[in-house]
Amino acid sequence: MSNTDRKASVEALRNALGETYALYFKTHGYHWNVTGPRFKSLHELFMQQYTELWTALDELAERLRSLGQFAPGSTDEMLSTATIKPDNGVPDSEDMINNLVRGHETVAEVARAGVEAAESSGDIVTADLLTQRAAISEKAAWMLRASV
């Protein structure tokens with residue numbers, strides 16, 4: 001793979017990594033802070049989702065390394081490409097769900113754009129990884145929407 005082709009995949013991975021990290025952090029915070037009559041079910045759902053997001057971070061970062069790039073080494077660097085923003089305060093459980101739906105939709109959208117970039121560069125491994133990320137985020141968004 002040429003350096004130009006590799007650059008497109010690296011940018012796609014960095015974008016996916018940033019959004020995934022932002023969503024991971026938000027989901028974990030919601031897990032800690034959710035309240036209300038659905039506490040137990042949402043607490044457990046959020047834990048399942050942040051655990052999956054944590055694993056995804058490792059997979060994305062390792063793909064960057066396999067392309068010869070260093071993974072972000074700080075929170076600021078990790079979030080530099082993220083459009084998912086933290087909350088100011090603690091939202092109620094319904095707003096948490098809606099915020100996470102939007103977050104997963106963003107991750108899926110960024111992953112799909114990354115698939116296109118990787119495929120156009122002939123990087124089927126990165127395209128496959130990002131396809132999986134889009135599918136997982138789409139399913140997570142569906143599960144959250146179904147819980148409203």
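The model is a predicted one.

Helix α1 spans residues 3–33, and helix α4 spans residues 93–120. The axes of α1 and α4 come within 9 Å and cross at roughly 165°. Angles over 145 degrees count as roughly antiparallel. The helices α1 and α4 are therefore roughly antiparallel to each other. Their crossing is left-handed. On the α1 side, the contact includes Ala-8, Ala-12, Ala-16, Leu-23 and Tyr-30. On the α4 side, the residues include Met-96, Leu-100, Gly-103, Val-107, Val-110 and Gly-114. By class, the residues of the contact of α1 with α4 comprise eleven nonpolar, ten polar and two charged.

Helix α4 also packs on helix α5, which covers residues 124–146. Here the angle is about 160°, and the axes lie 8 Å apart. This pair, α4 and α5, is therefore roughly antiparallel as well. The crossing of α4 and α5 is left-handed. The residues of the contact of α4 with α5 divide into 14 nonpolar, five polar and six charged.

Aromatic rings were examined next. A pair of aromatic rings is described by the distance of the centres and the angle of the planes. A search of the whole structure finds four aromatic pairs. One of them joins Tyr-21 and Tyr-24, with ring centres 6.4 Å apart. The planes of Tyr-21 and Tyr-24 stand at 35°, so the pair is tilted. Both residues lie in helix α1, three residues apart, about one turn of the helix. Tyr-21 has a relative accessibility of 15% and so counts as buried. Tyr-24 is buried too, with a relative accessible area of 11%.

Tyr-30 and Phe-46 form another pair, with ring centres 6.2 Å apart. Their planes meet at 50°, so this pair is also tilted. The pair links distant parts of the chain. Tyr-30 sits in helix α1, whereas Phe-46 belongs to helix α2, residues 39–66. The two are 16 residues apart. Tyr-30 has a relative accessible area of 4% and is buried. Phe-46 is buried, at 0%.

How values were computed:
Residues are numbered from 1 along each chain as its sequence is written. This is a predicted model: local features need pLDDT of at least 70, side-chain atom pairs count only at pLDDT 80 or more; totals for chains, interfaces and linings use all residues. Side-chain values use heavy atoms; hydrogens and water are left out. Axes are lines fitted to C-alpha atoms, for helices over the stretch in contact, and angles run from 0 to 180 degrees between N-to-C directions. Helices (H or I, at least four residues) and strands (E, at least two) are DSSP runs, numbered from the N terminus. Angles under 35 degrees count as roughly parallel, over 145 as roughly antiparallel, 65 to 115 as roughly perpendicular and the rest as oblique. A crossing is left-handed if the near helix is turned anticlockwise from the far one by less than a right angle, and right-handed if clockwise. Ala, Val, Leu, Ile, Met, Phe, Trp, Tyr, Cys and Pro count as nonpolar, Asp, Glu, Lys and Arg as charged, and the others, Gly among them, as polar. Rings of Phe, Tyr and Trp (its six-membered ring) pair if their centres lie within 6.5 Å; planes under 30 degrees apart count as stacked, over 60 as edge-to-face and the rest as tilted. Buried means under 20% relative accessible area, exposed over 50%, partly exposed in between (1.4 Å probe, protein chains only). Contact means heavy atoms within 4.5 Å.
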